[in-house]
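Take a walk through this model, one site at a time.

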Amino acid sequence: MFQSLINLCIKFFEFIHVAVNSVIPNQNIAFGLTIILVTLIIRIVLLPLNIKQTKSSIQMSAVQPLTKKIQDKYKSDPKKSQEEVMKLYKEKGVSPFGGCLPLIVQYPILIALYYVFNNLQGINGVSFLWIHDLASRDIILALFSGVTTYFSGNLMTSTAGGDVAQSKTNRTMNIGMSVFMTFICWSLKSALVLYWTINNLVQIIQTILIKRYEENKNNKA
């Protein structure tokens, strides 16, 4: 089943590459643009799930300060604390598992794309932008992937309500994750890292737009 999904993604990539290459014969540009286009198309296909996951993460982040106050108030009574937290979630229309199902559905596709971009045929020696070889690693692209990972995570976990301690914890975790991803991406093929970076950029734009929408909706309420 999973191998069939990988084969489908490979065929889809090849179809887009042939289409791009028919317009742009230059293989260097065609391969790079194909990676970007495939990433964007997959994001569009998964957009409903991505929106649901992003909204759930933003909502959970927004109620974190209130959740912490309840936990501090009833720290000697864990059962009461849990009841009040669940009551808060119900009042705010927030589900702690709201972002899990979309992520579970997307996970096989993301793993399949990992195999596709990490095993692309014909990219040896292919350059794109400043990247000398899409089949090799690139430190600038790896750093860029780390930066976009940080901003993407920071937008998703920014805490409302002025909870300084929680904001500091989130920021520290995001920095740690961005450093980790930079290290990992430094060991991967540039084709795969390019996909990851474009994916992060789309996530950043998507999160900003959803946040603005939620803020406008709350202001009108």
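Ser-81 is buried, with a relative accessible area of 10%. The cut-off explains the label: a residue counts as buried when its relative accessible area is under 20%. Ser-81 sits in helix H4, which spans residues 78-92. Which residues does Ser-81 touch, once those up to four places away in sequence are set aside? Ile-70, Gln-71 and Tyr-74. Keep in mind that this is a predicted model.

Now step back to the whole chain. The protein chain has 8 helices and 0 strands. Read from the N terminus, its elements run α-α-α-α-α-α-α-α. Of its 221 residues, 39% count as buried. The chain exposes about 13,000 Å². Carbon and sulfur atoms supply 66% of that area.

How confident is the predictor? The average pLDDT of the protein chain is 82. A score of at least 70 is reached by 88% of the residues. Which elements mark the lowest and the highest mean pLDDT? Helix H5, residues 100-118, has the lowest, at 75. Helix H2, residues 27-45, has the highest, at 90.

Is His-17 buried or exposed? His-17 is buried, because its relative accessible area is 13% and the limit for burial is under 20%. Leave aside its neighbours within four places in sequence. His-17 is then in contact with Gln-27, Ala-30, Phe-31 and Thr-34.

Gln-203 lies in helix H8, residues 190-220. Gln-203 counts as buried, with 12% relative accessibility. Beyond its neighbours within four places in sequence, Gln-203 is in contact with Arg-43, Thr-54, Ser-152 and Met-156. One of these partners is also a polar one. The side chain of Gln-203 makes a polar contact with the side chain of Arg-43, at 3.0 Å. Gln-203 can also be placed relative to Thr-148. The two are 55 residues apart in sequence. Their C-alpha atoms are 9.3 Å apart in space.

Now turn to the surface. A nonpolar patch is formed there by Leu-129, Trp-130, Ile-139, Ile-140, Leu-143, Phe-144, Val-147, Phe-151 and Leu-201. Together these residues have about 820 Å² of accessible area. Which helix gives the largest share of the patch? Helix H6, residues 139-157, with 6 residues.

Val-147 is found in helix H6. Val-147 is partly exposed, with a relative accessible area of 41%. Leu-129 is found in the loop between H5 and H6. Leu-129 is exposed, because its relative accessible area is 65% and the limit is over 50%.

Leu-129 has one more feature, in its backbone. Most residues other than glycine have a negative phi. Leu-129 is not a glycine, yet its phi is positive, at about 55°.

Technical notes. Residues numbered from 1 in each chain as written. Predicted model: local features only at pLDDT ≥ 70, side-chain atom pairs only at ≥ 80, totals over all residues. Heavy atoms only, no water. Patch = residues over 30% accessible without salt bridge, like charges linked within 9 Å, V, L, I, M, F, W, Y side chains within 5 Å. Areas by Shrake-Rupley, 256 points an atom, 1.4 Å probe, with all protein chains shown as cover. Salt bridge = Lys/Arg side-chain N within 4 Å of Asp/Glu carboxyl O. Helix = DSSP H or I, 4+ residues; strand = E, 2+ residues; numbered from the N terminus. Buried < 20%, exposed > 50% of the residue type's maximum accessible area, 1.4 Å probe, protein only. Contact = heavy atoms within 4.5 Å. Polar contact = N/O pair within 3.5 Å; in protein donor to acceptor, adjacent residues only side chain to side chain. pLDDT = per-residue confidence, 0-100.
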